[in-house]
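Open the model in your viewer and keep the selection panel at hand. The stops below go from the core to the sheets, the domains and the chain contact.

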Amino acid sequence: MTSLSKPKIAFFDFAGCEGCQLTVIDALQTDIDLLNVVEIVQFREAMSEKGDDYTIAFIEGSYTRFSDKERLIAIRDQAEIVIALGACAHLSGINAIRNLQSTAEVRRYVYGDHAEHFDVSLAKPISAVIHVDAFIPGCPIDRQEFVRAVKALLQGNLPDIPDYPVCVECKLKENSCLFWYGKTCQGPITRAGCGALCPSLGTGCVGCRGLIPSPNISSFKQLMSEHGTSEAGIEAKLKLFMTHEILKSEASGDGN
Amino acid sequence: MAIESKETKRIDVHHITRVEGHGNIVVDVQEGVLKQCDLQIVEAPRFFEAMLRGQPYEQASPLSSRICGICAVTHATTSLRATEKALGVEPSEQTTLLRKLNLHGEMLDSHILHIYMLVAPDLLGAGSVIPLARKSPEVVMRALRMKKVAGDLCAVICGRHTHPIAMAVGGFNHFPTSEELSKLLERLEAMRTDLDATVDLFQNLQMPDFERETEYIALSKEDEYSFLDGVITSSDGGSWPVEQYRQVANEHMVVHSTAKHTRHQRPSYMVGALARFKLNYEQLQPKARIAAETLGLDPLSTNPYMNTIAQLVETVHCTEEAILIVTQLLERGIKQEEPVSPVRSSGEGVGACEAPRGTLYHHYVIDDGLITDANCIIPTAQNLANIEADMRALVSQRIHCPPDEITFALEMLVRAYDPCISCSTHILNVRFVL
């Protein structure tokens, strides 16, 4: 069953819920042939065998401790292609929420007297530590998008991830806009590719796939405000998944 | 226990595989004396309670579902229950039925993953599910088929299993159509064949022989095998309303773990499928009781390895319960209800559900719509002290065995608890302001 052309791939996990790895396992329900076109050499959550001769590394989870750096660098040194798998690896996702408070305070709140016992840094996307060739966004990743990404990699290409907003996919589905129903939605500034899944279920987009390139955040904030969301409410919504991106754009002065 | 051998052994399992999250096993036997036997939790700490602080209450559920990709629905539901109790929200009967159905979907998904993909390779002599797929493709295809039904059930109710979408404080943002429910019913009924085959498969597999009696804790209700709400019940006697969860789950820090440990009346207790099975046996669906008998599991069992078998019994139970709930929903007809609104904007509440791995508690204090204090107590954190107590007893019993054999037995033991290490390192708030 092995052939020379089968790429060897490995999955790694850092701070996260392992829901993206679970989505990969679930992809086998519809695409069992995945096992015939790649050779998985490492996937701790699902298998005990362990090989270090991979060429493609999928990394789930955020960088959250100084000790993560060494492991990330070792993966980068080995793999020809490194792919951030899901929002935690891609954007630092929800892990970055704690960056809004001081690390000392967060540790004290949670560990009390033992606060100094554990190694903790600011939560960051893995691209803050190593070069990342591509990302598969989302919390969790979209199963079909993952399968498409693997197909692209097999053909020697990097995955093609949309750079237009969720609203485009939502309109194509002929959904009524949630803003008309007194709800709010981050679709206008969030990267598409999920098929507008949340708005299609009457639930506003939470921004898990990250910002589109050059988003007009000030106009979006105005829209939210016109629909009755308080300033604090807007901040909380934006910073559920996008804390890292918003802080970065504010720091560079192009956020508002 | 006196150990006569003068052997010296050290076992170091770095990052146990086929479990959720990062844990190490360290055993140190010096001159026949067990010096150290730890399950080290080395998962990155995640600080969910600190992240929940300051969040608008509507965001607590979508945020806390991200504690765990495997039990996301239980986290989301428990979070909603905590918020609803804090803000005086009484969900409708339909909401409760849909939530129970959704929890059954998650229980099926998680148990099938554990039984087939994580545990079965040990019993069938395969390193993992991938060689197993080559060796016994029909076994793996059966698992994937059942798992798809479970995942699709959650998708029909809340959009997807990881992470649920359409669930809200007071109700749902989206409802299944009767067509979707009818299709689901057919598939659940058809799944019975695969479940029978699973019982047949496990009937012939031998679990390691090991008994250690401990305290067992689960949520219970008089009229049903409880997953949503209930009272905390102990095998040592006694029951407590969920608001008194701190009397049961006394959390404490240990230095080798980024997850806190808990203890109740004894140094440790067990939660999860085996605890539920023992405490709520009377409420099991008849088919599940027959499966238990076939599989040689009785409510007096004190073998932690049998937790996997209890999960299989629950898989049968949850399928039967899901069939009943879907039938009931179809008879009632689905109403497009608006979520029930809170009657106040400040308050305090505790939510409790049975997650696949045991009792889960979320406790929130909400002030003017914002969460000011949060505490989440996770099943695996409650089990850690008990796993270590089992590990010590197991190593003491098998101290003369070769290290490889002990290591395999220990890894299987840890895996039997189906630990969810990402969950348990949510870490908790020591200074809870009431």
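**Stop 1: the core**

Select A:Ala57, A:Ile59, A:Ile83 and B:Val313: of the 207 residues in the largest nonpolar core, these touch the most other members. Domain 1 (8–154) and domain 2 (166–251) of chain A both contribute residues, so this core lies between them. A nonpolar core here is a set of buried Ala, Val, Leu, Ile, Met, Phe, Trp, Tyr and Cys residues joined through C-beta atoms within 7 Å. A residue is buried if 20 or more other C-beta atoms lie within 10 Å of its own, exposed if 12 or fewer, and partly exposed in between, with C-beta atoms placed from the backbone. Domain bounds come from an automatic or database domain assignment.

This is a predicted model, in which local features need pLDDT of at least 70 and side-chain atom pairs count only at pLDDT 80 or more, while totals for chains, interfaces and linings use all residues. Residues are numbered from 1 along each chain as its sequence is written, and chains are lettered from A and ligands numbered from 1 in the order in which they are written.

Now centre on A:Ile83. Leaving out residues up to four places away in sequence, A:Ile83 touches A:Ile56, A:Ala57, A:Phe58, A:Asp133, A:Ala134, A:Phe135 and A:Ile136 (contact: C-beta atoms, placed from the backbone, within 7 Å).

**Stop 2: the sheet of chain A**

Show chain A as a cartoon and find the open sheet of five strands, ordered E2-E1-E3-E4-E5 with parallel pairing. Strands (E, at least two residues) and helices (H or I, at least four) are DSSP runs, numbered from the N terminus; two strands pair if DSSP finds at least two bridges between them. At the edges are strand E2 (39–43) and strand E5 (134–136) of chain A, each pairing on one side only. Strand E1 (residues 8–13) and strand E3 (residues 56–60) of chain A are joined in the parallel sense over five bridges; pick A:Asp13, whose bridge partner in E3(A) is A:Glu60.

Angles run from 0 to 180 degrees between N-to-C directions, and axes are lines fitted to C-alpha atoms, for helices over the stretch in contact.

**Stop 3: the two domains of chain A**

Colour the two domains separately. Their C-alpha centres lie 25 Å apart, and the contact takes 17 residues from domain 1 of chain A and 13 residues from domain 2 of chain A.

**Stop 4: a sheet in chain B**

In chain B, select the open sheet of three strands, E1-E2-E3, with antiparallel pairing. Strand E1 (9–13) and strand E3 (33–41) of chain B are its edge strands. Between E1(B) and strand E2 (residues 23–30) of chain B there are five bridges; B:Ile11 has B:Val27 in E2(B) as bridge partner. Helix H12 (residues 379–397) of chain B packs on the sheet, touching E2 and E3 of chain B.

Within helix H12 of chain B, pick B:Thr380. Is B:Thr380 buried or exposed? B:Thr380 is buried, because 31 other C-beta atoms lie within 10 Å. B:Gly272 is 108 residues from B:Thr380 in sequence but 8.8 Å away in space, C-alpha to C-alpha.

**Stop 5: where the chains meet**

Finally, select the contact between the chains: 49 residues of chain B and 47 residues of chain A. On the side of chain B, H6(B) gives the largest share, four residues.

Technical notes
Two residues are in contact if their C-beta atoms, placed from the backbone, lie within 7 Å.
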